[in-house]
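Please read them with the structure open beside you.

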Amino acid sequence: MATTDRLLVFDTTNQVTTATIRPEAGEPITKLAPNERNEAAPPVVTEGTTPLVLAPFLVRQMQTGTQAPRTVTELVAADAKTGKVAWRLPLPVPEWTKSKSSPESLTVSVAGSSGNVAVLVLGHKGSVITNASTTYAIDLSDRRVLWSQDNFRAATVADGVVVGEKKKDASDDYGTPTGYDLTAGTERWRGEELLNVGLHPAGPNLAYLYARHRDDYRKVILRFLDVRTGEVRQDKVVTASKCRHDGASAVVCFGREQVVGVDATTGATLWRLPDEAASRIAPQVTAVWHGRVYAKTANGGTVTLDSRTGADQPTPPGVAPDLVSGFTGIGISPSGDDMMAFPTSG
């Protein structure tokens, strides 16, 4: 778990914190206060035999000698098995952050990783230059920046391509879904210019696009795109705010009282809820993992669905976890005050 000022590693079976990692390049720009909402992006776990947990922090370096105070992004990489810090990489922030924004208004996250490369996104949450952003591709072996792109906000990384929204400049309200080569930084494809572009990962080869038409803002555009080519796999699929890959062969999208199962390769719709013909309603999805959809029902109950068919599973899970692994499911207690962990087997 990451906050704006630390990375926490804990054993989900006994809730014991095994490591607390803080940035060392400077003082965190913001610190999470008690009872305050955590706005930090979740850490990202890399692939491979020795996976790393990547968490970025925004820190302030104080004046030293003739070096003026400055804001720095520190990327921390920790061993996913031991929780020990593997390395740290400080990165100076781009020029646009120095002249037009305060450090407290900046955001930083890892959009994803593939192979030896991770993608870091620096953005802005203020109201003056909300559209400003810079994306970095970072070599995890050499610990260096391979390339960077201003006015490009990466959303997902898949199959050697970084997919995100490209703008002409920081003040532009319009954006273009664009794909860049992960290692070279060259443009692989570019879509049409749209308004209010939102891009989200949707499986190993798909991205989910939510936007409005450039010439008619009343026209909502909902699409699955092939991350490798930008090709539209399916149009007008679902009015949803989130899509989750099930770790197998399906993507589950949910939001606005609707749940839809989609083939992770083709983007074709597999099933849809609600289904009036079958007298079935749409539950509130909490997690999707390894062929299962975990959800809450309107009457306070819980249910699991087959992510490929949408069928109810015969045994209710008793809980609707927000996070699931092969060992533990983690969720919020019915009162909403406590975090609870449950074994996923046995």
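Predicted model: local features only at pLDDT ≥ 70, side-chain atom pairs only at ≥ 80, totals over all residues.

1. Residues are numbered from 1 along each chain as its sequence is written, and side-chain values use heavy atoms, with hydrogens and water left out.

2. The protein chain has one helix and 29 strands, where helices (H or I, at least four residues) and strands (E, at least two) are DSSP runs numbered from the N terminus. Of the contacts in the protein chain with a separation of 6 or more, 38% are accounted for by residues 24 or more positions apart, a contact being heavy atoms within 4.5 Å.

3. Buried residues make up 46% of the 346 residues in the protein chain; buried means under 20% relative accessible area, exposed means over 50%, and partly exposed lies in between (1.4 Å probe, protein chains only). The accessible surface of the protein chain comes to about 17600 Å², and 49% of this surface belongs to carbon and sulfur atoms; the areas come from the Shrake-Rupley method with a 1.4 Å probe, and for residues only the protein chains shown count as cover.

4. On charge, the protein chain has 36 positive and 38 negative side chains, and the centres of the two sets lie 2 Å apart. Lys and Arg count as positive and Asp and Glu as negative, whereas His and the chain ends are not counted; the place of a charge is taken as NZ of Lys, CZ of Arg, CG of Asp or CD of Glu.

5. The structure holds one disulfide, defined as a pair of cysteine sulfur atoms within 2.5 Å, and this disulfide joins C243 to C253 with an S to S distance of 2.1 Å. The pair links distant parts of the chain, with C243 in strand 20 (residues 242-245) and C253 in strand 21 (residues 250-254), 10 residues apart. The link of C243 and C253 is right-handed, with 105° about the S-S bond. C243 is buried, with a relative accessible area of 4%, and C253 also counts as buried, at 0% relative accessibility.

6. N205 deserves a look together with D159. N205 is found in the loop between strand 16 (194-201) and strand 17 (206-212), and N205 is buried because its relative accessible area is 17%. Leaving aside neighbours within four places in sequence, N205 is in contact with D159, L225, D226, V227 and R228. D159 itself is found in the loop between strand 12 (152-158) and strand 13 (161-166), and D159 is partly exposed, with a relative accessible area of 42%.

7. N196 is found in strand 16 and is partly exposed, with a relative accessible area of 47%. The peptide bond from L273 to P274 is cis, with omega near 10°, and P274 lies in the loop between strand 23 (269-273) and strand 24 (284-289).
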